[in-house]
Structure formats: C-alpha cells, structure tokens
Amino acid sequence: MPYMLIHASLKEHMRIHTGEKPFTCPQCGKRFSRKRCFVLHIRLHTGVKPFACQQCGKSFSCRGTLKAHLRFHSNEKPFKCPQCEKSFLIKRVLEDHIRIHTGEKPFTCDQCGKSYKWSNSLRVHKLLHSGEKPFKCDQCDKRFVLKKDLKAHMKTHTKEKPYLCSVCGKSFAWLDCFKDHLKIHSGVKEYLCADCGKAFITATQLKVHRRIHTGEKPYKCSHCEKSFGQLGGLQNHERIHTGEKPFQWHQCGKRFGHSGTALTHTKKHCPKLKSI
C-alpha cells in the first residue's frame with residue numbers, strides 16, 4: 001500500500017482517540033470524523049442514490065446498503081448467531097440479536113443512567129425526558145412519542161378492526177388484543193402468580209393482579225393525589241372531578257359516570273318505561 005494511503009488511514013484512525021470531527025454538514029451541522037461517512041450523510045439531504053438494484057430498480061445512497069438489499073432477493077443470510085443458530089441478512093442486526101443472549105446494555109441515558117440493549121430504545125427513552133412527541137394525530141391533535149403508537153391510535157378514528165376471531169366473530173383493532181382473546185377460547189392459563197398460585201390467561205392480567213400483593217398503585221389522579229392499581233379505576237374516579245357521564249341508557253336518555261351504575265339502572269328498568 002502506498003505511503004500516502006497508509007498515512008491517511010492512520011490519520012483517520014487517530015480521530016477515534018482524539019474525538020476530532022473535521023467534516024461538518026452545511027445543512028444540519030452534524031459532524032463526522034470520516035469523510036466517507038460525511039459524504040453518505042450529505043446524500044440524505046440531496047436525495048442522491050447512485051447505487052441501483054438490477055433486479056427491482058430500487059436505489060440506495062451507499063454500496064453497502066445495496067449489498068445488504070441484494071440478500072433479500074437471494075435469501076442469503078450469512079450472519080449466524082453462535083448461540084441459537086438464527087441467521088440474519090445484516091451484521092448489525094446480528095449484533096443487536098446477540099444482546100438478547102448476553103444481556104448487554106451498551107446504550108446508557110446520560111440524564112438518568114438507565115441502559116438499553118438497542119440504540120433505538122435509548123432514542124425513544126430520551127424523548128420521554130425531553131417531552132417531545134413528534135407524531136401528531138391530524139384528527140384530534142393528540143401527540144405520540146412513537147409512530148407505531150400514532151398508527152394504533154388512528155384506529156380509534158377509523159374504527160378499523162382487521163383481526164377477526166373465527167370462533168366467535170369478534171373483531172379487534174390490535175394484534176396483541178386479538179392474541180389474548182384467542183387464549184380465552186383455548187382456556188389456557190399459562191401465567192401463574194408466584195404468591196397465591198392464581199392463574200391468568202394473559203401476562204397483563206397477571207401484572208394487574210400482582211399489584212394486590214405488592215400494593216403498587218401506578219395510576220395517580222391529577223386532581224386529588226389518590227392512586228389506583230388499575231387504569232379503569234382511575235378513569236372511573238376522575239369522572240367525579242370532571243362530571244363526565246359517558247354511559248347513557250338509550251330508552252330514557254339518562255347518563256351515568258360509571259358502567260356499573262348504568263347496568264344497575266338498566267336491570268331495574270327505566271322509570272320512564274314504567275309509566276308507559
């Protein structure tokens with residue numbers, strides 16, 4: 001290798017130790033220690049994607065990304081986990097996967113010290129500190145930290161319920177709720193309380209039940225400092241403060257703050273009906 005190339009490589013390597021980042025993006029101010037990384041970053045702003053897939057025509061900003069993409073066509077998975085034999089298309093994904101086995105959490109929050117296995121988890125966690133919620137619902141202005149949370153929220157407006165139970169015909173907006181529902185039909189109660197031995201169909205049911213033993217009450221009233229073990233309990237309680245009455249008996253129009261009260265009213269029959 002020519003002397004000049006060796007010298008340039010050494011100079012670039014030394015920046016790892018010195019922390020020097022001489023290449024600055026003129027559009028966003030982000031700095032880089034390597035010219036190659038700087039050039040790739042610039043393409044994010046310019047939209048230049050010089051590397052095209054000959055099979056599907058999709059273009060990429062760097063050769064490495066194209067190389068990884070080509071594995072989708074060939075179904076090649078060269079990166080194999082030494083512990084569970086699972087294979088991956090991309091080396092970085094394998095590195096992330098291995099942390100499941102090792103328990104390593106290399107990404108640490110500089111504000112509270114909490115650590116995470118994956119960089120994306122740390123990024124989301126930092127949004128909680130900043131209070132930033134970049135994803136906004138265009139129908140009710142509610143904001144979310146994650147795009148997937150916004151996507152799930154949108155189903156409350158569209159009433160979309162794509163998951164249909166073939167046993168009873170009930171539909172669900174979310175896959176997790178659908179999976180939990182299927183366990184009701186199977187009757188399997190795989191989640192066992194270590195304190196009292198009571199079994200539950202879902203992990204969420206067990207988690208809520210465990211609060212009876214631990215005394216944990218994570219849901220705090222924003223009006224009077226009272227706390228609750230279940231979200232439903234908090235929601236019912238807060239209606240005392242807000243005066244909200246979302247449950248209505250359709251025969252007489254009378255409204256109630258709690259579903260239980262509405263049910264009692266229904267069972268006793270509406271006084272208006274008695275006069276008919």
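Helices (H or I, at least four residues) and strands (E, at least two) are here DSSP runs, numbered from the N terminus. With that convention, Lys159 sits in the loop between α6 (147-158) and β11.

The model is a predicted one, in which local features need a pLDDT of at least 70, side-chain atom pairs count only at pLDDT 80 or more, and totals for chains, interfaces and linings use all residues. Residues are numbered from 1 along each chain as its sequence is written, and side-chain values use heavy atoms, with hydrogens and water left out.

I turn to confidence. The pLDDT, the predictor's confidence in each residue from 0 to 100, averages 81 over the chain, and 94% of the residues score at least 70. Confidence is lowest in helix α11 (residues 271-274), with a mean of 52, and highest in strand β11 (residues 163-164), at 90.

Next, the layout of the chain. The unreviewed UniProt entry places the feature "domain: C2H2-type" at residues 23-50, 51-78, 79-106, 107-134, 135-162, 163-190, 191-218 and 219-246; such positions are given in the numbering used here, feature names are shortened, and annotations may be inferred rather than shown by experiment. Residues 23-50 are 43% helix and 14% strand, and their end C-alpha atoms lie 21 Å apart. For residues 191-218, the chain is 43% helix and 14% strand, with end C-alpha atoms 21 Å apart.

A separate division, whose bounds come from an automatic or database domain assignment, gives domain 1 (2-73) and domain 2 (191-269). Their centres, taken over C-alpha atoms, are separated by 54 Å.

Let us now consider individual residues. Is His69 buried or exposed? His69, in helix α3 (residues 63-74), counts as buried because its relative accessibility is 10%; buried means under 20% relative accessible area, exposed over 50%, and partly exposed in between, using a 1.4 Å probe and protein chains only. Leaving aside residues up to four places away in sequence, His69 touches Cys53, Cys56, Lys58 and Phe60, where contact means heavy atoms within 4.5 Å.

Leu175, in helix α7 (residues 175-186), is partly exposed, as its relative accessible area is 36%.

Finally, two backbone angles. Lys159 is not a glycine, yet has a positive phi of about 60°; at 64% relative accessibility, Lys159 is exposed. Glu225, in the loop between β15 (219-220) and β16 (227-228), has a positive phi near 75° and is likewise a residue other than glycine. With 57% relative accessibility, Glu225 counts as exposed.
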